[in-house]
Every structure is written in structure tokens, then in C-alpha cells.
Amino acid sequence: MNQIPKEIIDMKTAHMNRVAMYRNGLYKRPVLKQLFFEFTQNCNEKCFHCGSSCGMKRVEGELEKEEWMAIIDEVAENFKPKPMLCITGGEPLLYKDFFEVMTYAKNKGFLWGMTTNATLVNAEVAGRLKKAGMRTVSVSIDGLPETHDTQRGLKGGYERAMAGIRAMIDEGFEHVQITTVVNHENIGQLDALFDIMDKIDIDSWRVINLEPIGRALDFPEKMMTKDDYRRLFSFIKEKREQNYPVCYGCTHYLGMEYEREVRDWYFICSAGRTTASVMSKGDVGACLDIERNDRTIQGNVRQERFTDIWNNKFGIFRQDPDNIAKNCKDCEHHGFCAGGSWHSYDFENDRQRMCFKDVLF
């Protein structure tokens, strides 16, 4: 670990103390800033690391367009300012009424962005997305062509995704981002991927690690080693120091050396405090990557209003994970980490699966 100057430690400590105060205030007064809509769990890819275990399947009982529109009406009426809508799946473009629902959301004054594999995007689709009000988009590119296609289960997926990205760049969206999930097997491709990203007119490249969630739990050999993690964060830090728009995701406390160096601000898990999700069959939860069970599902919009669920439930998320995590109690990093990210929490055993203590710091 590099020696960190005292003035840097003092500055970061002051900043993270402010973040902790803000986080603690959200427990009592949550503010909905991001609302995720999982339109469908149907997907034309089958990524080995998918947190929601989506795939090429027909899913019965998903919300109809009128139900999504009713949620949009309710949220528009009850939340001021309106939260940003984050549209995802599965592959959201496979939802049959996608454009009708999102045009309705635009006309109600919502800003929205989407996470997509981009394989269904061409110039015509990009134009329709622009007309429907999409501002931002994040597209997954998980390695060089053969690696990407293998990991995402779609032959030709890389070329189709890159074509979709180019179409959206040409359409001139506010922010076009590429996200890469790094694992033990593809980390050696970071430099080659950087050369590709540097030649594309994207607005940011989000580089994140494989998480122990969803289908990825079936592939322990792909989980990253301590050396992999150090290599990943050193790579991101170096590129940012060179003023490239490379960033890590919002997850996990990274310690003094890397906090604020690999992303624009400090770690805070927003699940259930500023972020909520409506799932494809109407269940309501926090972050969509969180394990889905009786403790994490807070209600269903077919039985009660989203507003009531947000205002009266989410109790488990309006506390720190380290209040219940067996392996987080009495940790000296509690004040800044607060038990880490909810999406990597093991609810069956009440343990945090993902921690960078003794890895990065």
C-alpha cells in the first residue's frame, strides 16, 4: 500500500464524516432520487454474472403497460422533485410496450435513462429512444469480442452491441456509458479494452468487479483475487489521473488509498434510502441486484401503492448492514463503511460477502 500524506488522510476523513452524517440522516428522512423499473426478466443474452438470473425465457405475469402508467402517475403526483427513472431488465427493449410507456413517462415530466445490452439498437431504434425522452444509457461490454460473447451467451453479441453504441452516439444522447464487469479471467484484457474505448466517443467507461451475487455464485473460479483487485483499482486510478473518463461503480468502501480516487465521490449505499425498484411482476425492493426474499421484498404494487410502501416500509434498509452482519460487528471501519453494500449481503447467513478490508487496506 502506498504511503498516504497526512493532509490527504485528514481531508478524506473530514469528507467521509460528512458523508456518514448524510447517510445517517437518510435513515429517518429518505429521499427518493432514483426509481428503477425492471420491465422484464426476459433477455436475449444469458450472462454468467447476472444478478437477477435473467435469460432467454418467457415470463408470465409481468406488469402490463397500464400498470406501469399508473405507477408513473402516482409517483408524479406524490414525489417532488420527481425521481430519475432508470429502466432495466432483463433486456428492457424486449418489453412489448416499452416505447409507449416511456413516452408516457416523458410527457409526465420524468427524466430517464436505460441499461441495455444494445444488441437490439440500430439507427431507427436510437431515434425512437431519443423521441421517447431517453437522456442517458449504459451498455455492457465485458471483454474483447470472443470473451464478451462467451460470457454473455450470445454469438455476435459484441459486434451487435458496438453497432448499437455507435448508433446512440450518432443520435447525440446526453451521456453514453460503457460498463465492463471484470473477473479473474478477463482482467488481462483491460489495456486492450482501454485502447478500444479511447477510440469511441463515449462519455464514460465504468469498470466494475464481478460481484458474488446471482448466477456468479456458481462460478467461484471467476471471482477476483487480491492481486486482481489491486490491479483493477490501480488501473482505474492511473487512467483518472491522466484525465480519462474511467470510473469504478458506486459499490463498496475502498479505504483511504482509493476512496475518491476511482470515482467522483465517496462510498454510500443508497439502497432503500434514495433508491427503490419496481420489479417486473410488481414487487418493490431497493437495489435490483439485492437478493430477493421475504426480508428484501417490501410489497407489491398490485396490492398497495408504491408511495405507501416507500413511506412505511424499507425498515431493513434504513439501517447499516453491520447492525446485523455477523462479520462486521465491532469493525474499526464502521463509520465509513457501515457494513458495505446491501446487494452483496448474504441474507441467509447474515454476513457480508464482499469486503475490501485486508485486500485494499
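What follows is a set of questions on the terms used for this structure.

Guide: This is a predicted model, in which local features need pLDDT of at least 70 and side-chain atom pairs count only at pLDDT 80 or more, while totals for chains, interfaces and linings use all residues. Residues are numbered from 1 along each chain as its sequence is written, and side-chain values use heavy atoms, with hydrogens and water left out.

Visitor: How many helices and strands does the protein chain have, and what makes a run count as one?

Guide: The protein chain has ten helices and twelve strands. Helices (H or I, at least four residues) and strands (E, at least two) are DSSP runs, numbered from the N terminus.

Visitor: Why is the protein chain called as compact as a globular protein of that length?

Guide: The globule rule is 2.2 Å times the number of residues to the power 0.38, and the radius of gyration is taken over C-alpha atoms. For 361 residues the rule gives 21 Å and the radius of gyration is 20 Å, close to that value, so the chain is as compact as a globular protein of that length. Along the principal axes, the C-alpha trace spans about 55 × 45 × 35 Å.

Visitor: What makes a residue buried, and what share of the protein chain is buried?

Guide: Buried means under 20% relative accessible area, exposed over 50%, and partly exposed in between (1.4 Å probe, protein chains only). Buried residues make up 56% of the 361 residues.

Visitor: What makes strand 7 and strand 10 edge strands?

Guide: Ten strands form an open sheet in the order 7-6-5-4-3-2-1-8-9-10, with mixed pairing. Strand 7 (246-247) and strand 10 (299-300) each pair on one side only, and are the edge strands. Elsewhere in the sheet, strand 5 (residues 175-182) and strand 6 (residues 204-209) pair in the parallel sense over six bridges.

Conventions
Pairing = 2+ DSSP bridges.
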